[in-house]
Amino acid sequence: MEAVGVAPAPLAAPVKKKLLDLEKPFPAAAAANGAKASPAGKWAMKKKLVGGDAGYVLEDVPHLTDYLPELPTFPNPLQDNPAYSVVKQYFVNPDDTVTQKIVVHKTSARGTHFRRAGPRQRVYFQSDEVNAAIVTCGGLCPGLNTVVRELVCGLYDMYGVTSVVGIEGGYKGFYSKNTIPLTPKSVNDIHKRGGTVLGTSRGGHDTAKIVDCLQDRGINQVYIIGGDGTQKGASVIYEEVRRRGLKCSVVGVPKTIDNDIAVIDKSFGFDTAVEEAQRAINAAHVEAESAENGIGVVKLMGRNSGFIAMYATLASRDVDCCLIPESPFYLEGKGGLLEFIERRLKDNGHMVIVVAEGAGQDLIAKSMNFVDTQDASGNKLLLDVGLWLSQKIKDHFKKKPNFPITLKYIDPTYMIRAVKSNASDNVYCTLLAHSALHGAMAGYTGFTVAPVNGRHAYIPFYRITEKQNKVVITDRMWARVLCSTNQPCFLSHEDVENMKHDDDEHHLHNTQLLEGESSPMKNSAKCNGSAAGV
């Protein structure tokens, strides 16, 4: 390709641009995952905020030209791709953005937006200069192999890139193992398998060693697939790449089976997990229904967020009680879980309980005098709530000899993680991979890609790592679960009112940040500087 001048990073025009360079202490979660701080001992986070009319705020992502302003641009090879010849509009308009909030009032500010994902008319890499690397980190999740496959095939088929390697065994593979050459032929059937062909691990993040590897091997595009801890590590890698002035795009693909990543609509593998959870719930229901006073207890994934348990419960309609980390419960006394179980058995003769792995951890810790410990990624090690709850139920009914029960406990956790992705997740993983590589070729870096309100967008790392997505138990979706199971909420009226008050205060705070000042740019700086989710 022939370079045609020097083009700056595209920005939404004609709005006024303002960058806020904010230094934050090195994040504890990244440190717990093994990441090391920069020599200055700080983790620099630079926010690119673009303000516009009527409270419009674009939280833009970094671009290679932010620190390498003389980079040339080239025509996008997609314009000559036969597969795209019938497409009405090849390329994304540089002014296209995706709004974070779609339900608004007529007097609302336009609010926060993200840059829309997709191919650009100009690219910052020639096909033969690209040397891409792909790594998978953290726990297993359905769809990992599909993302790897589509990244490789997309780079080859759409952009003519022929140098793509895989990093074995997570972050530590950058500096402790050889790379694996990846071609469309070698990855052709991997989407039909669970797990990840590249291997994975927790921890092992050494920023200096990883960036040394990128520099020594001439890697100029790196695709990092993992959860919020992995994305924190990716952000640190980007900052070190930028500090060294390397032409290297650092791109994240968010992965968590728990669906606990903030801002995005959902994470890949979640649909498959909910579908597979149905098998366990169905088995528990059959067991419970076939025995006198049968109880089926199913433990599902959900360390801090109960989305899998909630959606699996709604999809099943055979569940009598759903317990999640966000909704506290108690066992003994009036209105407690044990009283509800006894009443439901008297009414129906059987029941099914679905419990997320992170539910009731405080209750278990108190009863066992357990001291918190963490895994290699800095995640709190959880006690087995399924076994604990099953034993508590058995102990309760032992005191009632005229009320015999039959309890079956099912834990399908690792079976669900290890399956291949379903059709819905396969399509989703393909779109994620294509959006990621389009962004890298266009020179964007330091971002993760995911759908926001149904449109794929480029999101700054800090937005998806600053907090976790959790079930809002004062929201209508959780109310639908309670209607489906007819279980009590196990909360006092005072607890519910306090939660509503907190939500109202949070909403009021965000509204004031966006609408409280006359200057949209002032609002955007305030809003995004405080990491408020609008």
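I started with a pair: Asp320 and Arg344 are both buried. I'm working from a predicted model here. Their side chains meet in a salt bridge, 2.7 Å from N to O. I looked up where they sit: Asp320 is in the loop between α7 (307-316) and β14 (321-323), Arg344 is in helix α8, and the two are 24 residues apart.

I found 19 of them in the structure. A reminder to myself: side chains of opposite charge can pair when their charged atoms come close.

I checked Glu129 and Lys247, whose closest N and O atoms are 3.2 Å apart. Glu129 is in the loop between β7 and β8 and Lys247 in the loop between α5 and β12, so this pair ties together parts 118 residues apart in sequence. Glu129 counts as partly exposed because its relative accessibility is 29%, and Lys247 does too, at 23%.

Then I looked at Arg244 and Asp212, a salt bridge with 2.7 Å between the closest N and O atoms. This one links helix α5, where Arg244 lies, to helix α4, where Asp212 lies. Shared partners join Asp212, Glu240, Arg243 and Arg244 into one network.

Last entry, the binding site. An unreviewed UniProt entry puts that feature at Gly139, Arg202, Gly203, Gly227, Asp228, Gly229 and Thr230. They spread over 92 residues of sequence but cluster in space, with a largest C-alpha distance of 12.5 Å.

Is Gly139 buried or exposed? I got 11% relative accessibility, so Gly139 counts as buried, the cut-off being under 20%. Leaving out residues up to four places away in sequence, Gly139 touches Leu144, Arg202, Lys255 and Arg417. Gly203 is buried as well, at 6%.

Key: Residues numbered from 1 in each chain as written. Predicted model: local features only at pLDDT ≥ 70, side-chain atom pairs only at ≥ 80, totals over all residues. Heavy atoms only, no water. UniProt positions renumbered as here; feature names shortened; annotations may be inferred. Buried < 20%, exposed > 50% of the residue type's maximum accessible area, 1.4 Å probe, protein only. Contact = heavy atoms within 4.5 Å. Salt bridge = Lys/Arg side-chain N within 4 Å of Asp/Glu carboxyl O. Helix = DSSP H or I, 4+ residues; strand = E, 2+ residues; numbered from the N terminus.
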